[in-house]
Amino acid sequence: MNQKITAYHYSYETGLFVGTSLAFIEYGYDHYIKPQCATFTPLPEFDNATQQCRYLSEYDRWAVEAIPEVPDDDAEATPTMLSELSEVSSSAIDEQAHSAQAKPGAMRRLLNRLSSR
């Protein structure tokens, strides 16, 4: 009765693949319960060094696309970006620590915001 299947998670905002988890058939149900922002559609073959997968929910399939190159024309921007990242993450952590109840998806939004810089 402990059957399991792989769930493929994607970002709510971008649709980009973010990871996998196992889904089980819960007691009292006869089907798998799919986590939010996930699909049971397996990933296609792709080179994760140069390509990324984006989930297209309207077609229930993954699209493979090239990872966009980040322009490296400002070498002095790195310390500034790191300090901004530190400020954003510490303020977000403070918000989470002082809020009475964390909103669903707050960690996902934080991770998306930090990874988009």
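Cys53 sits buried, at a relative accessible area of 2%, where buried stands for under 20% relative accessible area, exposed for over 50% and partly exposed for anything in between (1.4 Å probe, protein chains only). Cys37 is buried too, with 9%. The model is a predicted one, so local features need pLDDT of at least 70 and side-chain atom pairs count only at pLDDT 80 or more, while totals for chains, interfaces and linings use all residues. Residues are numbered from 1 along each chain as its sequence is written, and side-chain values rest on heavy atoms, with hydrogens and water left out.

A disulfide is a covalent bond between the sulfur atoms of two cysteines. Searching the whole structure for cysteine sulfur pairs within 2.5 Å turns up 0 disulfides.

Both cysteines do turn up in the largest nonpolar core, which has 6 residues: Tyr8, Tyr10, Cys37, Cys53, Tyr55 and Trp62. Such a core is a set of buried Ala, Val, Leu, Ile, Met, Phe, Trp, Tyr and Cys residues joined through side-chain atoms within 4.5 Å. Strand S1 (4–10) and strand S4 (51–56) each give two or more residues to this core; strands here are DSSP runs (E, at least two residues), numbered from the N terminus. Tyr55, for its part, touches Tyr10, Gly15, Thr39, Asp60, Arg61 and Trp62, leaving aside neighbours within four places in sequence, with contact meaning heavy atoms within 4.5 Å.

Next come the aromatic rings. Rings of Phe, Tyr and Trp (its six-membered ring) pair if their centres lie within 6.5 Å; planes under 30 degrees apart are stacked, over 60 edge-to-face, and the rest tilted. That rule gives 5 aromatic pairs. Tyr10 and Trp62 are both buried. Tyr32 and Phe40 also pair edge-to-face, at 6.1 Å and 65°, but Tyr32 is partly exposed at 25% and Phe40 is partly exposed at 27%. Ring pairs also join Tyr10, Phe17, Tyr55 and Trp62 into a cluster.

As for the sheet, 3 strands form an open one in the order S2-S1-S3, with antiparallel pairing. Strand S2 (17–24) and strand S3 (38–39) are the edges, each pairing on one side only. Pairing takes at least two DSSP bridges, and S1 and S3 have 2. His9 has Ala38 in S3 as its bridge partner.

How values were computed: Helices (H or I, at least four residues) and strands (E, at least two) are DSSP runs, numbered from the N terminus.
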